[in-house]
Amino acid sequence: GPAPSSQLSASSTSVTFGNVTVGTSAAQLVTLTDVGTANVSISTVSATGSGFSAGGGSNVTLTPNQSVTISVNFDPTAPGSAQGSVSIASNASNSVSKIGMSGVGVAEVVVHRVALNWQASPSQVIGYFVYRGPTASDLSRLNSSAEPSTSYTDTSVAGGQTYFYAVTSIDSSNVESAQSNQVSVTIPSQ
C-alpha cells in the first residue's frame with residue numbers, strides 16, 4: 001500500500017473579524033484536522049499583525065482524523081484596517097502554514113452629556129427652563145415644557161465645544177423669571 005502521509009487541514013483558510021471597537025476583542029475558532037494516514041505533530045501556532053493573536057494548538061500531536069481547535073483573536077489598538085496571519089509549524093507534508101486574518105478597528109463612540117443642577121427658586125414656581133448657547137449672549141431654550149425638578153441632563157453636546165447655560169423659573173401664571181447666572185462648560189474632545 002501507499003506510504004503513510006501526514007496531512008493537516010484547517011476549517012478555514014482566512015478569518016474575517018469585520019468591525020471591532022478599539023479596546024474590545026473578538027475571537028473566532030479554527031479547527032485543525034489530521035486528514036492523512038500518519039500522525040501530525042504541531043510544534044507552534046503563532047499570529048502576526050497588529051492586534052492579532054492565536055491560542056491553543058501548540059505542542060500537539062494529532063492521530064489520523066483527530067482535530068484540535070485554536071482560537072484566533074483581534075484586539076485592535078487603533079482605528080483602521082488591519083491584516084495578519086496565523087502561522088502553523090508542523091511536520092505535515094502539506095503543512096497549512098498560514099491562515100490570513102483581517103479586521104477593522106473602529107473608534108469607540110463617546111457620548112457626552114452635561115448634568116445641570118440648581119437651587120430651587122424661593123418663589124412658588126411650576127418649573128424651570130434651561131437655556132444653552134455657544135456664547136454668553138446667544139442662548140436658546142433647550143426644553144419645550146417646564147422642567148419640574150432642579151436638574152437637567154443635556155445629551156446633545158459635541159466634543160471639543162464650549163457651551164453657556166442659564167436657567168429661568170416659571171410660575172403658575174406663566175410668568176418667566178430673568179435668567180440665572182450663567183455657567184460655561186467645555187466638553188472634552190475625546
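Me: Which element gives the most to the lining of the largest pocket?
Reply: Strand E14 does, with 5 residues. This is a predicted model, where local features need pLDDT of at least 70 and side-chain atom pairs pLDDT 80 or more, while totals for chains, interfaces and linings use all residues. Residues are numbered from 1 along each chain, and side-chain values use heavy atoms, without hydrogens or water.

Me: And what counts as a pocket or a strand here?
Reply: Strands are DSSP E runs of at least two residues, numbered from the N terminus.

Me: New topic: how many aromatic pairs are there?
Reply: The whole structure has 4 (ring centres within 6.5 Å; planes under 30 degrees apart are stacked, over 60 edge-to-face, the rest tilted). One of them joins Phe17 and Phe52, with centres 6.1 Å apart and planes at 40°, so this pair is tilted. Phe17 lies in strand E2 and Phe52 in strand E5, 35 residues apart.

Me: Which residues form a cluster with aromatic rings?
Reply: Phe17, Phe52 and Phe74 form one aromatic cluster. The rings of Phe17 and Phe74 have centres 5.7 Å apart and planes at 40°, so they are tilted. Phe74 belongs to strand E7, 57 residues from Phe17.

Conventions: Helices (H or I, at least four residues) and strands (E, at least two) are DSSP runs, numbered from the N terminus. Rings of Phe, Tyr and Trp (its six-membered ring) pair if their centres lie within 6.5 Å; planes under 30 degrees apart count as stacked, over 60 as edge-to-face and the rest as tilted.
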